[in-house]
Amino acid sequence: MNDDQPTHALEDLGAAIEELAASRSRVVRVADARSRTIERRLHDEVQQQLVALAVGAQLARDLVATDPRAAVSQLEQMGRDVRCALEDVRALAAWVYPPLLLDRGLVDAVTAAASAHAIPTRVDAEPLGRLAPQVEAAAYFCCVGALANTTRRRAGVTRVSIVLRLRNGALQLEVEDDGTVQAADEPDDAELVALCDRIAALGGKVDRSVGPTGTRVTGRIPLPS
Amino acid sequence: MTIRVVVADDQAPFRRAVRMLLARTDGFELVGEAMSGEEAVSLAVSLEPDLVLMDIRMRGIGGIEAARTIHHRSPCTATVLVSTYRAADLPAGIHACGAVGYLHKSDVDAASLRRLYAAALSRRRGRG
């Protein structure tokens, strides 16, 4: 037996503990950042639209007596503004947690996200049925994050494919595109790190391989017994 | 007399609401729109409006610092701070930046603006 083995095992364990602590810290930071984003979107989008409606309502009230025709036009504008505000609230709620994921599961939610993506995206999914909510959410946000990166961090992407399947007691996912990486953005890819941490917290793993013909993100999430 | 107004807010819906309000209200003229505190200061110095409607929370120097600078560099301009904060949540420094008052954005109407501007005028006359 090699005398170095216990030392190596301890070093490995120490490194694993350090990585676990770093990962937990990143998970907390990502959660905080997400909360700040929600606060900012509520303030910048929904609240400002409601404020504008409140100002518009006071104006309409004043116009009723002096210029009824202008009051009607003002109320019509407010009706349009209400519909915009409703759409923004729907979009924000869907960003926080997509109703499709909650109601119909991973495949439908990923397929809907793929349909809405700016680049043609094909989803090749086995019938997965309903998985544990934490697995569905981790896989969904990983797919959507990788999908978003195809327009944010890559150039020349013309097609994207997403694969979802069950193998050996785990959910496997794969997001592949045919673009080139914009190298300057790579060190800041905090979102990918956050996605990896989310999946690592479930005992899974995410890898990314970058080649001359595209980028491939693969993930594996064990299903809870 | 027409009250010349600059609105400073990085949120388009509020700027649009103010634009609409002032366009349909006698006695006001919107002379400029700014999307940052720095831009508001620049417009206040160059246009010397009677009133600046200034959002507190903006990128860059923010509304309170911009109000303080306008108070020094364009003393005839009255700044009214606006936001969606409850009064209890207003940041420190709001009372010492030279602004003539604060309005919740949803309370902005012609009567409030006239009242605050009249108060600013009478305060200035009192000092003069």
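In chain A, an open sheet of 5 strands has the order β1-β3-β4-β7-β6, with mixed pairing. The edges are formed by β1 (121-125) and β6 (205-211) of chain A, each with a single partner strand, so one side of each is left without a neighbour in the sheet. From one strand to the next the twist averages 10°. Strands (E, at least two residues) and helices (H or I, at least four) are DSSP runs numbered from the N terminus, and two strands pair if DSSP finds at least two bridges between them.

The model is predicted, with local features needing pLDDT of at least 70 and side-chain atom pairs pLDDT 80 or more, while totals for chains, interfaces and linings use all residues. Residues are numbered from 1 along each chain as its sequence is written, chains are lettered from A in the order in which they are written, and side-chain values use heavy atoms, without hydrogens and water.

Strand β1(A) is joined by 5 bridges to β3 (residues 160-167) of chain A, the two running parallel, and Arg122(A) stands opposite Ser161(A) in β3(A).

| Helix | Strands touched | Angle |
|---|---|---|
| α4(A), residues 106-116 | β1(A), β3(A), β4(A) (170-177) | about 170° with β1(A) |
| α5(A), residues 133-152 | β1(A), β3(A), β4(A), β6(A), β7(A) (214-222) | about 10° with β4(A) |

Terms used
Axes are lines fitted to C-alpha atoms, for helices over the stretch in contact, and angles run from 0 to 180 degrees between N-to-C directions. Contact means heavy atoms within 4.5 Å.
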